[in-house]
Amino acid sequence: EPCWAKLLGDHSSAELHKFSNRQETIRISSWSKILAFADHEAFAIYDSRTAISLNIALKQTSISERFFMPPSRNKIVAQASQILSHNREMINHGYQSYLNLLQAFVTAQCAKSVLDAEQTLFANAPRLAASFVENS
């Protein structure tokens, strides 16, 4: 298991961005927490709850792409994820796309900050997942 804190170098913005660009989706829920802790204005936590919120929203549109879904211990989120995965939509968005979307929420004044956008997605995930499961 890597020591991500050591891989962040001097924790400068350049090092944090370099780190995030090198990562794939393996253990994204873990290493994104470290980035968000290091700089919550530029980075956000990416986990199953934030991903399910976005994927349910995307499912309601004509957009076929989806965000990578990390495994979830939350039963309703896991159930919603399983339903979405049966549809076999193309999953091609990861961390950088996620950050770009959160920043777009801020730019459009739908959120005060990247952290606010991430917290909104996270907080609404169980309710969205329950409704999605119920209506599927």
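Student: At roughly what angle do the axes of helix H2 (residues 13-22) and helix H3 (residues 28-38) cross?

Tutor: Keep in mind that this is a predicted model, where local features need pLDDT of at least 70, side-chain atom pairs count only at pLDDT 80 or more, and totals for chains, interfaces and linings use all residues. Residues are numbered from 1 along each chain as its sequence is written, and side-chain values use heavy atoms, leaving out hydrogens and water. Helices (H or I, at least four residues) and strands (E, at least two) are DSSP runs numbered from the N terminus, and axes are lines fitted to C-alpha atoms, for helices over the stretch in contact, with angles from 0 to 180 degrees between N-to-C directions. The axes of H2 and H3 come within 11 Å, and they cross at roughly 165°.

Student: Is H2 roughly parallel or antiparallel to H3?

Tutor: Angles under 35 degrees count as roughly parallel, over 145 as roughly antiparallel, 65 to 115 as roughly perpendicular, and the rest as oblique. The H2 and H3 axes cross at roughly 165°, which makes this pair roughly antiparallel.

Student: Which residues of H3 make the contact with H2?

Tutor: Contact here means heavy atoms within 4.5 Å. H2 brings Leu16, Phe19 and Ser20 to the contact. From H3 come Trp31, Leu35 and Ala38.

Student: How many salt bridges does a search of the whole structure find, and which residues meet in a salt bridge?

Tutor: The criterion is a side-chain nitrogen of Lys or Arg within 4 Å of a carboxyl oxygen of Asp or Glu. The search finds one, with an N to O distance of 3.2 Å. Both partners lie in H2, three residues apart, about one turn of the helix. They are Glu15 and Lys18.

Student: Is Lys18 buried, partly exposed or exposed?

Tutor: Buried means under 20% relative accessible area, exposed over 50%, and partly exposed in between (1.4 Å probe, protein chains only). Lys18 has a relative accessible area of 42%, so the class is partly exposed.

Student: How are H6 and H7 oriented to each other?

Tutor: H6 covers 95-107 and H7 covers 114-135. Their axes are 8 Å apart, at an angle of about 105°. They are therefore roughly perpendicular.

Student: Which residues of H7 make the contact with H6, and how many of the residues in that contact are nonpolar?

Tutor: Tyr98, Leu102, Gln103, Phe105 and Val106 of H6 meet Val114, Ala117, Glu118 and Leu121 of H7. Ala, Val, Leu, Ile, Met, Phe, Trp, Tyr, Cys and Pro count as nonpolar, Asp, Glu, Lys and Arg as charged, and the others, Gly among them, as polar. By class, that gives one polar, one charged and seven nonpolar.

Student: In the loop between H6 and H7, is Ala111 buried or exposed?

Tutor: Ala111 sits in that loop. Leaving aside neighbours within four places in sequence, Ala111 is in contact with Phe105, Val106, Asp116 and Ala117. Relative accessibility is 12%, so Ala111 counts as buried.

Student: What is the relative accessibility of Gln109?

Tutor: Gln109 also belongs to the loop between H6 and H7, and its phi is near 60°, a positive value in a residue other than glycine. Gln109 counts as exposed, at 71%.

Student: How far is the C-alpha atom of Phe68 from that of Tyr95?

Tutor: Phe68 is in the loop between strand S1 (66-67) and helix H5 (75-86). Along the chain, Phe68 and Tyr95 are 27 residues apart. Their C-alpha atoms are separated by 8.7 Å.
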